[in-house]
Each structure stands twice: as structure tokens, then as C-alpha cells.
There are 4 protein chains.
Amino acid sequence: MTTRRLRLGMVGGGEGAFIGAVHRIAARLDDQYQLVAGAFSSRAEVAARSGAALHIEPARCYATWQSMAEREAAREDGIDVVAIVTPNHLHVPVARTFLAQGIHVICDKPLGLTLDEGRALADDIARSGCRFVLTHNYSALPMVREARTRVANGELGEIRSVEVEYLQGWLNERVELTDNKQASWRADPALAGAGAAGDIATHAWQLAAFVSGMLPEALRGELLTRVAGRQIDDEVFAEMRYASGARGRLWASQVATGYENDLRLRIVGTRASLAFRQQQPNELTILPHDAPASVVTRNGQGISAEVALACRTPAGHPEGYLEGFAQIYREAAQLIRGEAMPLLPGIADGIAGMQFIARLRQSSEQEGAWVAWA
Amino acid sequence: MTTRRLRLGMVGGGEGAFIGAVHRIAARLDDQYQLVAGAFSSRAEVAARSGAALHIEPARCYATWQSMAEREAAREDGIDVVAIVTPNHLHVPVARTFLAQGIHVICDKPLGLTLDEGRALADDIARSGCRFVLTHNYSALPMVREARTRVANGELGEIRSVEVEYLQGWLNERVELTDNKQASWRADPALAGAGAAGDIATHAWQLAAFVSGMLPEALRGELLTRVAGRQIDDEVFAEMRYASGARGRLWASQVATGYENDLRLRIVGTRASLAFRQQQPNELTILPHDAPASVVTRNGQGISAEVALACRTPAGHPEGYLEGFAQIYREAAQLIRGEAMPLLPGIADGIAGMQFIARLRQSSEQEGAWVAWA
Amino acid sequence: MTTRRLRLGMVGGGEGAFIGAVHRIAARLDDQYQLVAGAFSSRAEVAARSGAALHIEPARCYATWQSMAEREAAREDGIDVVAIVTPNHLHVPVARTFLAQGIHVICDKPLGLTLDEGRALADDIARSGCRFVLTHNYSALPMVREARTRVANGELGEIRSVEVEYLQGWLNERVELTDNKQASWRADPALAGAGAAGDIATHAWQLAAFVSGMLPEALRGELLTRVAGRQIDDEVFAEMRYASGARGRLWASQVATGYENDLRLRIVGTRASLAFRQQQPNELTILPHDAPASVVTRNGQGISAEVALACRTPAGHPEGYLEGFAQIYREAAQLIRGEAMPLLPGIADGIAGMQFIARLRQSSEQEGAWVAWA
Amino acid sequence: MTTRRLRLGMVGGGEGAFIGAVHRIAARLDDQYQLVAGAFSSRAEVAARSGAALHIEPARCYATWQSMAEREAAREDGIDVVAIVTPNHLHVPVARTFLAQGIHVICDKPLGLTLDEGRALADDIARSGCRFVLTHNYSALPMVREARTRVANGELGEIRSVEVEYLQGWLNERVELTDNKQASWRADPALAGAGAAGDIATHAWQLAAFVSGMLPEALRGELLTRVAGRQIDDEVFAEMRYASGARGRLWASQVATGYENDLRLRIVGTRASLAFRQQQPNELTILPHDAPASVVTRNGQGISAEVALACRTPAGHPEGYLEGFAQIYREAAQLIRGEAMPLLPGIADGIAGMQFIARLRQSSEQEGAWVAWA
């Protein structure tokens with residue numbers, strides 16, 4: 001039996017937006033959604049033009065997300081799910097509004113501005129009976145899933161160290177003063193909440209937790225602003241201690257000159273280590289204690305059966321960023337249709353991200369002292 | 001002004017097909033098409049089930065491509081363009097049938113079975129006034145385009161050598177005897193025409209010609225069948241001489257044990273060389289005579305402006321096989337809408353591929369003697 | 001005019017020793033030394049057999065380093081310089097004894113067991129008028145020198161971060177309980193002083209300081225023993241703050257499963273970053289803000305003139321560990337003959353290493369608190 | 001019992017020579033030789049100055065190699081072995097002269113100028129009872145030995161293809177017209193015999209034969225001169241057919257712009273393939289049919305026992321070009337002392353190299369026709 005496509009709405013993502021376009025491609029890739037409504041911009045003209053370009057009928061191009069939630073909920077053919085791709089400060093308010101109307105939510109990361117806000121949202125989700133998916137897309141890459149499976153299977157033995165870094169260089173200068181739309185809201189604390197900490201360190205944090213299966217007992221570190229005049233953090237260092245005795249380190253920077261989008265994860269275990277680099281997403285390196293290193297490839301020899309399901313192309317036909325993102329959408333559709341999708345990032349990941357930023361700020365304000373995670 | 005989506009039909013690509021699914025993703029990715037009709041399989045039940053899974057209305061799920069062409073042409077809302085994703089022997093017959101109805105064609109490679117067939121098709125295309133696009137997808141990868149631009153700009157100086165190889169290992173055993181659908185038709189000369197020569201060597205050939213801007217004066221080489229009992233070539237070696245004095249070599253194998261889909265191109269020039277590897281599609285290595293090697297990245301520093309247009313994500317957010325394929329579809333839509341798209345592969349590339357196979361067979365039958373290209 | 005070879009003696013390095021053999025190869029490589037005397041082992045039979053294998057005349061194979069120092073000093077053709085390749089606890093006592101006889105010293109790292117010991121040695125060196133070289137061999141690799149030159153020239157702009165790591169996995173189990181000679185003394189605190197901290201973290205520390213040109217204002221971190229039952233640290237994490245505001249991190253582990261000898265250095269500057277990996281010692285990657293990454297090669301295009309002097313072979317003919325070590329010996333010969341050799345590691349590096357261990361221990365004992373460097 | 005060092009003489013290798021210095025380092029590295037005599041240059045002053053710099057006593061610095069052979073043979077402490085590091089045209093005459101005096105020979109490659117010359121030398125060697133070693137140094141690299149062992153053990157199954165290439169760019173312009181000593185004799189047919197064919201293609205040829213264990217039945221190809229005005233070949237393409245049905249290709253170029261010394265070998269077998277690159281000599285990649293690719297490292301996990309003997313340093317401590325060369329010298333010493341050293345390249349490799357050039361010339365003169373190897 002054929003299932004119908006889910007009806008998708010979008011808040012944010014008007015002309016010139018980056019992540020809105022990514023969400024739309026991700027939603028289209030596996031053909032599980034049709035985009036039928038949107039509040040694409042707070043500027044009416046932009047919203048209309050964006051909607052038209054996206055083939056949305058004018059009646060479903062809304063001036064505000066509030067009216068969109070209300071009117072879509074009232075339609076028989078109203079949206080099943082909304083994608084929230086606004087700046088961070090709106091994530092939670094928009095999500096709560098749609099949840100209140102019984103509409104599922106797929107939300108860009110980070111969850112929002114504060115831990116309290118995240119907890120309030122968690123309550124709403126629980127009450128709503130709706131699904132909430134947070135697009136920590138990197139955790140949906142097949143070789144990240146493969147890494148997780150191998151850790152979980154015990155192939156690495158006990159974990160000694162978790163080492164994650166996420167390096168970008170694009171905020172190396174104050175591009176937020178130019179007309180770079182991506183940079184300008186990200187550098188505004190009122191809209192972004194946090195800088196590198198929210199934008200990329202939460203990805204690194206979630207990735208480390210996802211693959212290692214662990215959250216720490218304690219955390220320390222600092223938030224730094226490296227570019228003079230900038231109003232927000234652009235680099236983050238953190239250190240973690242886990243209950244098992246394992247150690248962790250995280251480095252996230254948007255001022256790492258010359259780096260593009262270099263998210264790397266290494267896990268050292270007592271029996272083997274592993275290394276993953278997002279910029280080569282079709283490979284996972286396994287370093288055993290007693291055998292040569294091997295390079296496991298997406299859909300290649302030796303890959304776990306469940307991971308192969310997250311692939312669209314045979315080995316050697318590279319998948320990348322968009323396919324990882326699409327995997328989130330594919331699984332979100334399955335979730336909304338009632339399947340259990342335990343690997344999908346959701347509210348717990350979002351709260352963990354907010355908690356990470358909060359704890360790191362505490363530590364940073366205390367000269368890098370250790371703070372308990374809980 | 002918003003342009004409507006093109007109405008797309010598909011011939012082939014029913015349940016279990018590989019390349020049909022790729023074409024559909026490619027068509028969806030940039031949202032320029034809607035799939036509205038299909039003759040997905042010669043088996044009625046499969047055709048119906050496939051159409052339903054793809055949300056095609058039953059009336060437009062056709063039992064034969066002949067009836068599809070006729071009836072779609074008769075509809076006011078009939079398809080604008082058909083994607084042909086059948087085994088090779090049907091490419092030309094199907095294409096001619098749709099062209100005869102004034103329907104544009106996007107056809108999988110290789111063009112067909114013979115050079116004569118290709119030339120007849122060329123005539124039909126010319127008569128039809130329709131557009132014909134051949135999905136030599138690798139030539140649409142941004143870093144391949146970058147390579148081409150740099151050759152054309154003279155950055156490499158004069159070309160000395162063109163070195164291309166395309167290595168796969170998946171036909172290392174007679175998987176065509178198993179229920180591997182991909183292998184079984186590819187190993188049948190009646191359906192495929194040629195083996196490795198058609199399936200992958202034509203890609204390598206087209207890539208070399210696309211980037212270097214050259215076709216050879218003469219050619220030699222051999223077609224080999226390495227796996228005992230196989231009915232078709234599974235490995236190809238060729239050598240080329242160009243009018244300029246440049247040399248070329250091509251190696252394509254589907255029995256290169258352990259290789260996945262390793263298409264590589266190197267061009268040596270008098271001032272610089274370049275190297276590209278499909279499995280790392282976001283990078284292009286430039287080796288100048290008098291400076292260190294540099295690694296140019298997709299959408300990164302130093303990339304040509306026109307190439308940046310073929311990217312969907314910022315540098316460091318890997319694009320891959322599907323995005324390259326989608327670029328063909330994106331540009332095909334522009335072509336169909338009336339733009340000149342000089343980089344799109346079409347009938348000339350298809351004929352060159354057929355000619356390459358024909359010349360190589362001639363040479364192979366003459367102990368590898370040189371044969372004129374023309 | 002031809003200079004005679006320097007007469008070299010050796011303390012330690014008898015049969016089965018690793019680093020002694022390395023020193024001897026290093027001394028031979030550029031033919032500036034002849035090994036003429038030794039106290040190769042505290043076990044007389046081993047000493048004699050080792051000396052014979054090395055073509056040392058029996059009269060100059062000494063039972064103790066004390067007698068060696070005394071009698072070599074008394075000979076007209078006595079040694080010019082002694083190489084100390086014993087376990088760490090003997091470095092300083094042996095060095096002081098030879099310095100007291102006016103004999104130059106080339107000493108393996110780390111300097112010794114304690115900071116006090118190091119300072120006492122510094123006084124002795126100053127009094128002796130002799131030269132003291134510490135074999136931090138990695139800082140003599142051509143591409144490390146190239147990295148230093150580029151930092152010094154300002155090519156990176158101001159330094160933001162220094163990231164160094166040194167990962168080995170060979171002590172992943174308690175190999176010190178087997179007959180592994182290398183492991184057994186290294187795991188004995190009385191002989192080694194420190195474990196990973198002394199054996200490899202001092203290399204990483206020196207490398208970071210050498211290339212960046214900076215020592216920190218403050219330091220924090222911890223020494224860990226990861227393998228149960230082990231008597232010494234086998235992993236080290238440290239963090240550094242520099243007066244300029246730059247940050248640093250160091251990770252050294254001998255229990256990083258599957259890693260061989262993976263010493264890596266990255267420096268992020270405001271205008272460019274650089275990356276070096278000891279296991280690919282013929283390459284240095286430069287990542288500029290506004291141009292593609294380039295890979296500078298040893299003796300290749302764009303290398304600094306002074307660095308080319310540290311190469312023995314043309315570009316593309318790999319040099320490695322032994323050549324780097326030999327560079328220390330080559331420059332030590334020049335130093336002993338009276339040239340200024342500012343890049344050679346010596347007593348200051350040794351003391352810095354002892355200070356690093358001491359500060360790290362302090363911090364480690366205080367839950368990782370920041371401690372002043374000075 | 002200690003064996004004495006072998007007494008080594010050298011012909012060629014005076015001031016400014018490249019390969020002479022390499023041979024001397026190689027001879028010193030493992031301390032099996034002492035250089036005691038030489039005819040370093042045909043120019044008396046250069047010879048004397050070179051000898052002095054090398055600490056050779058003046059009486060053993062000879063004006064001609066003829067006098068050196070005669071007088072060293074007459075001394076009780078005369079040289080055991082001579083290293084020939086002259087331009088190619090002198091290799092055979094010098095070797096024959098020393099062999100006639102009962103002196104062993106270590107000779108740089110290629111063997112000489114012609115196949116006939118090589119065969120005559122073979123007769124002399126047989127008559128002399130002396131040892132003759134040809135420094136095809138790349139075949140002594142540990143990971144090349146590892147590759148050979150794995151082929152011989154059947155790990156690859158039957159060989160399908162042998163693919164070797166050796167790319168340099170340093171003769172991209174007519175540097176032979178400058179004062180580049182290396183280029184000037186190499187570009188002179190009277191001194192070099194062949195250009196790229198002799199200088200580097202013979203290395204590639206020998207490497208392929210060494211690892212694969214096969215010589216072809218037939219051969220075709222061409223010698224090219226790419227740089228206008230040059231008097232000698234600077235690029236070579238060849239193709240091979242083996243009795244087993246296996247195919248081979250060889251590409252050697254000294255005008256491959258931007259390449260340094262890029263010797264690569266790939267062998268495709270029915271069960272696995274392997275890949276080796278000289279510029280990363282500490283690694284060997286194995287690509288099995290049914291498991292992920294693995295990267296075997298020098299002295300690392302999974303290395304063959306006999307190969308470990310060819311290593312001087314632990315895994316992760318890179319060895320390179322000089323160590324490979326030294327391995328030839330180490331094994332030559334063992335050979336001279338009476339051990340069987342079956343892996344050492346010698347006269348058979350030299351003759352094969354001459355034969356390769358002769359056959360390739362034949363083919364090249366016949367438009368690339370196939371010529372029988374025998």
C-alpha cells in the first residue's frame with residue numbers, strides 16, 4: 001500500500017536563506033513530503049515572492065507563523081508537519097505554537113536560546129502527542145551510524161577518549177558587518193543566543209554523544225570571542241569527564257582560518273579506535289590494536305546491515321551533506337507515520353545542547369572550573 | 001516570474017531499478033520537475049505497483065512506452081520531457097518514439113548499441129526540434145567543471161597527456177548468474193551492447209573529452225573478458241593520439257578487485273597538471289610547475305564564478321553523486337525552457353561514445369592496431 | 001679545508017637498545033663523527049659484546065661511564081663529545097660527569113627526572129664552556145623548520161591557537177611485564193621519572209614551542225594512568241594560555257589504540273593556518289584565509305632557502321625519522337666546531353620540558369587548576 | 001664474532017654529484033662499509049678535493065678508475081667492493097675492469113647503454129666469481145617487499161593487471177642547458193644512452209617485475225621527446241602482455257609538470273588488489289574483494305616477518321629513500337660475505353632493463369607494434 005506524502009509547511013527560509021533551502025531539498029530527496037504552506041519571511045513581499053518561487057498557492061503563503069498555525073490547523077488538508085528554519089530565537093516560540101495546534105515539528109538546531117526554554121518546550125511536546133525532530137543532520141550520515149554501531153557492539157572495547165572538533169574559518173573577519181545574511185543574525189546574541197557554541201559546538205557535542213553513547217559527569221571550558229568588536233562567542237573549547245573515567249575534548253571554532261566545515265570525531269577504545277571526518281563522509285577509519293587500520297566505506301564491504309538502509313547509492317558513489325539531511329527527513333516521516341525511530345535526534349538532544357552551552361558558560365565565567373553536568 | 005515545473009515521464013525504472021531511482025532523485029532535487037507519468041516496467045503488475053509507489057495516477061501508468069508516448073502527446077497536460085532509464089538496447093527506440101511526438105528526452109548513457117543507431121537518432125533529434133540530454137553525470141560535478149575551465153583558460157599550458165581510469169570491482173565474479181538485476185542485463189550483449197566499454201568506459205571517455213576539450217585523431221586498445229564464461233567485455237584499455245601530439249590513456253574495469261567506483265582523471269600540461277577523483281568530488285588538485293600543489297575545493301577559495309553556480313551548499317558541506325546528477329536535470333530544465341546550456345552532454349557525446357566503442361572493437365580485433373578516429 | 005670527524009663516545013645503547021642505534025645511525029649519516037668509545041651497558045658482557053659489534057677497540061669499551069669520562073679525558077685522542085642514550089634517570093648525572101671533563105654532550109630527551117636537576121645541569125653547562133644538545137629530533141625535520149619560518153615571517157598573522165598531539169598505542173597493554181626492554185624501563189618511575197609526559201609529551205611541547213615561538217603564561221591539565229596496574233602516567237592532556245591571548249592544547253598518549261607514532265601540530269593564525277604530521281614528514285599544509293590550501297613539500301617549490309639546507313635528497317625522495325635525527329647530529333657538529341646554531345634544541349628546551357611536567361603535575365594534583373608557567 | 005667492515009671504493013660521485021652522495025650515505029647507514037678509496041672525478045682537482053672532503057687518504061684518491069682498480073687490487077688492504085656512480089656510459093666498462101681484478105661491484109642503474117653490453121658484462125661476472133649488485137633501490141623498500149610477499153603468497157589470487165607509473169616534472173624545461181649537472185649528462189645520449197627510459201622507466205619496470213614476479217611475453221609502446229630541442233626521450237609509455245593473460249601498463253615521464261618523484265605501483269588480482277606509492281613509502285594499501293581496504297604500515301600490524309627485518313625503526317617512525325638505498329648496501333654486504341640474498345637486484349635485473357629499452361625502441365620505431373619480449 002502506498003502512503004501519501006506528508007504535507008509540509010515551513011517557517012522561515014525565504015529568499016537568500018541557506019538552511020531553509022537545505023531543508024527543502026532534504027524533504028524532496030526521498031519524496032516523502034510536499035511543501036504546501038509557508039510563512040517564509042516577516043517581510044510580506046519577500047514571503048510572497050518566496051512562496052511563488054516555491055509553487056505554494058498564495059492562500060497558503062502566510063504573513064505570520066501565528067496565522068499559519070491557526071489556519072493550517074483549521075484546514076482539512078492542513079499541514080501534517082512544520083519545518084522551522086528561522087534564526088534561533090524563534091525556534092521555541094514557533095514550535096510551541098504549532099504543537100499547540102497538533103502539528104508535528106521538524107526544527108533546525110540549536111534548540112533555542114536557553115535551557116529553561118528547552119524544558120518548557122519538552123513539556124509542550126509531551127502534552128501535544130506530536131513528534132519533534134531536531135535536525136542534527138551529521139548524526140544521520142551512514143558512516144556516523146556505522147561508527148555508533150561499532151561502539152555499541154563493543155568493537156572498540158571500553159572508551160578511553162572522545163575527541164571532537166568542528167572547525168570553520170568563515171567568520172575569520174567581521175563578515176557580520178557586510179550584507180552576509182548568514183553571518184549577521186548568527187552574530188547577534190538576541191537572535192542567535194550563542195555563537196560558535198550554538199551554531200556548531202552543539203553539532204559536535206551531539207555527534208560525540210550519539211556515537212559514544214555517553215554524556216559526561218562534568219564539563220569545563222571556555223567561550224571566546226576572537227575577532228575584536230564581535231558581540232558573540234566565535235570559538236569554544238571544552239573538556240569532559242565521563243562516569244567511566246573516559247575523557248573528552250571538544251573544540252569548535254568559526255575563526256579557524258582556512259578550514260571550511262571540518263567536523264571530526266575520534267574515539268579511542270581499549271581494543272580499537274575510530275576516526276571520522278565529515279568532509280570525507282563516505283569513509284570511516286578503524287584502527288584496531290592488533291591489525292592494520294581499515295577504511296570502511298559507505299555501502300561497502302563490512303558495513304552493518306542497518307546502516308546500509310541509510311544509503312541511497314552504491315559504494316563509491318559519494319553521498320554527502322544533503323543526503324545526511326534527507327535521512328533526517330526520511331526518518332521523520334517514518335516517525336510521524338508511527339514507527340519508532342530511536343536514532344533520530346529530538347528534544348533530548350536539543351536540551352542536551354542547551355545544557356552544554358549553559359554549563360560551558362558557567363565554567364567559562366569561573367575561569368574554566370569543572371561544573372557538574374547534571 | 002515563476003516558471004512552472006516541467007512535467008516528466010519515465011520509461012523504465014520500476015521496482016528494484018538503480019538508475020531510475022537516481023534519475024528521480026535528480027529530478028526532484030532542484031524542484032524543476034514533477035513526475036506525472038511512466039511506463040516503469042514491461043511487466044504490468046510491476047509497472048502498476050511502481051507507479052503507485054511513486055504517486056502516479058493510474059491512468060498515467062502505461063503498459064508500454066509506445067502507448068505512453070501516444071497518449072501523453074495527446075493530453076493537454078502531457079509530459080514535457082521523458083527520462084529513459086531502460087537497459088541500453090531500448091534507449092534509441094524509445095527516444096525516437098517520444099521525439100516523434102515532440103517530447104524532449106533525457107536519456108541514460110550509453111547512447112545505445114551501435115554508432116549507426118546513434119546517427120539515426122541524431123537525425124531524428126534535429127528533425128524534431130526537441131532537446132536531447134544524455135546523463136553523463138560526472139561532467140556536471142562542480143570540480144570537473146572547474147577542471148575544464150582551467151584547461152580552457154590556459155592555466156595548464158598545452159596539454160601533454162590525458163590519463164583517465166574508471167575502476168570497479170563489483171563484477172569480479174559472475175554476479176550476473178545471481179539475482180543481481182544490475183549485473184544480469186549489463187552482462188547480456190543483446191541488452192547492453194557492450195559491457196565495461198559501454199557502462200563505464202564511455203563515462204571515462206566523455207569526461208576526458210569534456211575536460212581536455214579534445215577528441216583524438218587515432219585510437220587503439222582492446223576489450224577484454226576477464227571472468228570466465230562471461231558473454232561481454234568487463235575490462236577495457238585504450239590509448240589515444242591527439243592532433244596536437246598529446247597522448248592519452250584510458251583504463252576501465254569492472255573486475256578491478258576492491259575498487260568501488262574509482263573514476264580518476266589527470267591532465268598533464270606544460271605549465272601545470274591537474275588531478276580529479278570522483279570519490280573525492282569536492283576537491284581538485286592543481287600541480288603547477290613553479291609552486292606547491294594546491295587543493296581547490298568546491299565552492300571554496302579560488303573557484304571560478306560560473307562553477308560556483310553549480311553548487312548547492314557552501315564549501316566543506318560535501319556534495320556528491322546525486323547532486324552531480326541533479327545538475328544535469330537542473331540544466332536540462334533550463335535548456336528545455338530555451339536557454340543555451342553548452343556544458344550539458346547530449347547527442348554529440350552519445351555518438352562519440354558509440355564511436356569510441358566501435359573504434360576500440362576495430363582495434364581490438366586487429367591486435368590493438370591504431371585506427372583513425374574519424 | 002677538510003675538518004676531521006668528531007670523536008664520539010656513547011653511554012648506553014648496548015645490544016637491543018632502540019634509541020642508541022638511532023643515535024649511531026644519525027651520527028654516521030652525514031659522516032661528521034666516528035664512534036670510538038663507549039660504556040654501552042652496565043652489564044660487562046653486554047658492554048663488551050656491543051663494543052665489539054660496533055668495532056670499538058676493547059680498551060675503549062668501558063665498564064662504567066665514570067671511568068670512561070676520566071680515561072677519555074686523559075687521552076690525547078679522547079672523545080670530543082658523548083652521546084647519552086641511557087634511561088632518563090642517568091641523563092643528568094652522566095652529562096655532568098662528562099661536562100666536568102670538558103667533553104661536549106649530546107643527550108637524549110627528556111632532560112632528566114626533575115626541574116631542579118635540570119637547573120643544576122644548566123649551571124654546569126655554563127661553567128664547562130661545553131656544548132649541550134638535546135635530541136628533540138622532530139624539531140629538526142625540514143618541514144617543521146619550514147613551519148617555524150613561516151610563523152616567524154608572519155605568514156600566519158597572529159597566532160590564535162596551537163594544537164599539538166602525540167598518539168601512540170604500543171603501551172595499550174602492560175607490555176612492561178613482558179621482556180619488552182623499551183617498555184620496562186619507561187614504565188618504571190625510578191628510571192623514567194615520568195611516563196607519556198616525559199617520553200612523548202615533552203616532544204610535543206617542544207615542537208609546539210619551537211614552531212610557534214611561544215611559551216605559555218599558564219598551564220593546566222592532567223596526567224593519567226589508563227592501564228590498570230601501571231606505575232606511571234600513560235596519557236596526558238594539557239591546555240595552555242599565552243600572553244597574546246592565544247590558546248593551546250596538547251594531548252599525548254601511549255594508550256591510543258591503533259596509533260603508531262602520530263605527532264601532529266596545527267597552528268591557527270589570523271591570516272593562515274598550518275598543519276604538520278610527523279608520519280608524513282615531507283609535507284606541510286598551509287591553509288590561507290583567501291586562497292586554496294597548498295601542500296608544501298620538502299625541497300619542493302616555495303620552500304625557504306634555509307630549510308632546503310636541512311635536506312639531503314630532492315623533493316619526492318622521502319626523508320624521515322632518521323634524517324631528522326641526523327640533522328641534529330649534523331648541526332651539533334657545526335655547533336661544536338664553533339658555529340652558532342640557533343635552531344638546535346639544548347638545555348633551555350630540556351628545562352622547559354621538566355617545567356612542563358612539573359606544572360602539569362601541580363595542575364593534575366589540583367583537579368586541573370590553572371598554574372602559572374613561570 | 002664481529003665481522004670487519006667491508007672496504008669500499010667509489011668511481012664517480014665527486015663534488016656536486018647527487019647519486020654518489022646517496023650511495024655513501026647508504027653505505028654508512030648500517031655501518032657495514034668504510035669508504036677508503038676513490039676515483040671521484042675525471043678532473044684531477046675535483047677528485048683530490050672530493051677525496052679530502054671524504055677523509056680518503058691522498059694515496060687512494062686516484063686520477064683514473066683504471067689505475068684505481070689496478071692499484072687497489074695490488075694492496076693487501078685493497079677494497080673489497082667498488083661502487084660505480086658515474087654517468088651510464090661508464091657503468092659497464094668500469095664494472096668489467098674491477099671484476100677483472102676480483103673486486104665486487106655495486107653499480108648504479110641503469111646497467112649501461114645497450115643490451116649487448118649488458119650480456120657481455122654478465123659473462124664477465126660469471127667468470128669473475130664476484131658479486132654484482134644493481135641499485136634498484138625501490139625494490140628494497142619494506143612495503144615493496146611486503147607487496148611482493150603478498151603476491152607470492154597468493155593473497156591477491158591470480159594477477160589480472162600490473163600498473164606502474166613514475167612521474168617527475170623536473171625536466172619540464174630544458175634545464176640541461178643550465179648548469180644543472182644532473183640534467184646535462186642525463187640529456188646527452190652518448191652519456192646516458194636513454195633518457196626517461198633509462199633513468200626512471202627501468203626503475204618502474206624492475207619494480208613491477210619484482211613485485212609481480214612476472215616478465216611479459218610481449219611489449220609495445222613508445223619513447224617520446226616532449227620538450228623541443230631535447231636530444232633524448234623524456235617520456236615513455238609501454239604496454240605489456242603476460243603469458244598468464246595478465247596485462248600491464250607503464251608510464252614514465254620526466255616532463256609530468258608538478259610531479260616530484262611519483263613512482264606508483266598497483267596490482268589487480270582476482271582476490272585482492274594492492275597499491276603502493278613511493279612518496280608514502282611506509283604504507284601499502286590492500287583492497288580485498290570481500291573486506292574493507294586496509295593500510296598496512298612498515299613494521300606495523302600484520303607485516304610479514306621477513307619484511308620486518310628490512311626496517312630500522314618502529315612503525316610510525318618514517319623511513320624513506322635513503323633507508324631503502326641502505327638496505328641494498330646492507331644486503332650487498334651480506335651477499336659479499338657469502339649469504340644468499342635472493343631479493344637483491346643484480347645483473348638479471350640490469351639486463352632486463354636493457355632489454356626493456358631495446359624492445360620499446362623497436363616497438364616505437366614500428367608505430368607501437370607488439371614485439372616479443374624474448
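What should the 14 residues of helix H5 (residues 115–128) of chain D span at 1.5 Å a residue, and how far apart are its end C-alpha atoms?

Analyst: The model is a predicted one, and the values below are computed from it. Helix H5 of chain D, residues 115–128, has 14 residues, which at 1.5 Å a residue should span 20 Å.

The start of H5(D) carries a side-chain to backbone approach: a side-chain oxygen of Thr114(D) comes to within 3.0 Å of the backbone nitrogen of Glu117(D). After the helix comes Gly129(D), with a positive phi near 70°.

Within H5(D), the buried residues are Leu115(D), Glu117(D), Gly118(D), Leu121(D), Asp124(D) and Ile125(D). An α-helix has 3.6 residues a turn, so residues three or four places apart point the same way. The cover over the buried residues of H5(D) includes helix H4 (91–100), strand E5 (132–134) and helix H12 (347–365) of chain D.

Pro110(D) is located in the loop between strand E4 (104–107) and H5 of chain D, and the peptide bond from Lys109(D) to Pro110(D) is cis, with omega near -5°. In chain C, Lys109(C) and Pro110(C) are likewise joined by a cis peptide bond, with omega about -5°; Pro110(C) is placed in the loop between strand E4 (104–107) and helix H5 (115–128) of chain C. Most residues other than glycine have a negative phi, and most peptide bonds are trans.

Two loop residues of chain D have a positive phi without being glycine. Phi of Asp31(D) is near 65°, and this residue sits in the loop between helix H1 (19–29) and strand E2 (33–39) of chain D. Asp31(D) has a relative accessible area of 14%, and therefore counts as buried. For Glu367(D), phi is near 60°; Glu367(D) belongs to the loop between H12 and strand E14 (371–372) of chain D.

Two packed helices are described by the angle between their axes and the distance between the axes. Helix H9 (residues 196–212) of chain A packs against helix H12 (residues 347–365) of chain A at an angle of about 120°, and their axes lie 10 Å apart. This crossing of H9(A) and H12(A) is right-handed. From H9(A), the contact draws on Ala197(A), Gly198(A), Ala201(A), Thr202(A), Trp205(A) and Gln206(A), and from H12(A) on Asp349(A), Ala352(A), Gly353(A), Phe356(A) and Ile357(A). Sorted by class, the residues in the contact of H9(A) with H12(A) are 6 nonpolar, 4 polar and 1 charged.

Another helix of chain A can be examined for its span and cover. Helix H11 (residues 321–336) of chain A, with 16 residues, reaches 23 Å from its first C-alpha to its last, close to the 22 Å expected at 1.5 Å a residue. H11(A) is mostly covered, with 15 of its 16 residues buried. Gly338(A), which follows H11(A), has a positive phi near 110°.

Arg49(A), in helix H2 (residues 44–53) of chain A, is partly exposed, with a relative accessible area of 39%. Its side chain and that of Glu15(A) are joined by a polar contact of 2.5 Å, although Arg49(A) and Glu15(A) are 34 residues apart in sequence; their C-alpha atoms are 7.9 Å apart.

Contacts between chains complete the account. Glu239(B), in strand E8 (residues 235–241) of chain B, is buried because its relative accessible area is 7%, under the 20% cut-off. The side chains of Glu239(B) and Arg220(D) form a polar contact of 2.8 Å. Beyond four places in sequence, the residues in contact with Glu239(B) include Arg220(B), Trp370(B) and Glu239(D).

Ser294(B) belongs to strand E13 (residues 293–297) of chain B and, at 15% relative accessibility, counts as buried. Among the residues that Ser294(B) touches beyond four places in sequence are Leu284(B), Pro292(C), Ala293(C) and Ser294(C). Ala275(D), in strand E11 (residues 272–277) of chain D, touches Tyr259(B), Leu265(D), Arg266(D), Leu284(D) and Thr285(D), not counting residues up to four places away in sequence.

Terms used:
Residues numbered from 1 in each chain as written. Chains lettered and ligands numbered in written order. Predicted model: local features only at pLDDT ≥ 70, side-chain atom pairs only at ≥ 80, totals over all residues. Heavy atoms only, no water. Axes fitted to C-alpha atoms, helices over the stretch in contact; angles between N-to-C directions. Helix = DSSP H or I, 4+ residues; strand = E, 2+ residues; numbered from the N terminus. Left-handed = near helix turned anticlockwise from the far one by under 90°. Contact = heavy atoms within 4.5 Å. Nonpolar A, V, L, I, M, F, W, Y, C, P; charged D, E, K, R; others polar. Expected span 1.5 Å × (residues − 1). Buried < 20%, exposed > 50% of the residue type's maximum accessible area, 1.4 Å probe, protein only. Polar contact = N/O pair within 3.5 Å; in protein donor to acceptor, adjacent residues only side chain to side chain.
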